[in-house]
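Subject: Structure for your review

Dear colleague,

Please find below the structure that I am handing over to you.

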Amino acid sequence: MKKINIAIDGPAGAGKSTISKLLASQLGYIHIDTGAMYRAVGLKALKNNVSPHDSRKIVEILNSTDILIKLVDGRQLVFLDGEDVTEKIRQPEVSMYASDVSKIREVRERLVKMQQELAKQKGVIMDGRDIGTHVLPNAELKIFLTATAEERAKRRFLELKQKGYEVDYYQLLDEIKKRDQNDMTREFAPLRVADDAIVIDSTSLSIEEVLQKVLELFHKVVKDEV
């Protein structure tokens, strides 16, 4: 079967990574969580006490930063300067740093080049904020996965509680709304629905139902491509 590239975009907490991982497992594709790259830059800034709004210092940091995405037993691991930070980059504070540093044009340009190189061989599922509109504009299947801010905050709250973090639902809701605003209003490659993307609202859908919808779209695209 011919391999294609799949772009899955959407706001924070919509379930992009979860669906992408399951889809990659079903199809034997490679999943690339681009948000993890921005989180790694955000973590580096946080560790160095650099404001995420100081674009000059952030770019300086990036010039001496090594970000490596490794697939181990089907799981994506993120290494920052040789350290496995796969779990550390999921902390709430890092999320807000990632949102801010992702607005810096030089950061996006550098990471987008890395992402495009990873997708050259096809058979890639890439999720993020600007995959269908900017990173992989020629992806054969584009999905925009969304949900209400309240539902996304609830999901993130339960996820972090399961990992042992003490979190406040209303604080998470506020952070998600702020991140949506950041992502949609940034000057370079903002979050928006690509003209040829299919929108799936997962607010009242289970993970299995969303996965089934995406699989149906995938098989239709592959059939049409033959």
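Axes here are lines fitted to C-alpha atoms, for helices over the stretch in contact, and angles run from 0 to 180 degrees between N-to-C directions. Helices (H or I, at least four residues) and strands (E, at least two) are DSSP runs, numbered from the N terminus. The model is predicted: local features need pLDDT of at least 70, side-chain atom pairs count only at pLDDT 80 or more, and totals for chains, interfaces and linings use all residues. Residues are numbered from 1 along each chain as its sequence is written, and side-chain values use heavy atoms, with hydrogens and water left out.

Helix packing

Helix α2 (residues 35-47) packs against helix α3 (residues 55-63) at about 110°, and their axes are 10 Å apart. This angle makes α2 roughly perpendicular to α3 (65 to 115 degrees; under 35 counts as roughly parallel, over 145 as roughly antiparallel and the rest as oblique). Val41, Lys44 and Ala45 of α2 meet Ile58, Ile61 and Leu62 of α3, where contact means heavy atoms within 4.5 Å.

Helix α2 also packs with helix α4 (residues 92-101), at an angle of about 105° and with the axes 8 Å apart.

Strands β3, β4 and β5 form an open sheet in the order β3-β4-β5, with antiparallel pairing; two strands pair if DSSP finds at least two bridges between them. Because β3 (67-72) and β5 (83-84) stand at the edges with a single partner strand each, one side of each has no neighbour in the sheet. Six bridges connect β3 with β4 (residues 75-80), and leucine 68 has phenylalanine 79 in β4 as its bridge partner.

Serine 17

Serine 17 is part of helix α1 (residues 16-27). Its side chain makes a polar contact of 3.5 Å with the side chain of aspartate 33 (a pair of N or O atoms within 3.5 Å; within protein, one must be able to donate a hydrogen and the other to accept it, and residues adjacent in sequence count only if both atoms are side-chain atoms). Beyond its neighbours within four places in sequence, serine 17 is in contact with His31, Asp33 and Asp127.
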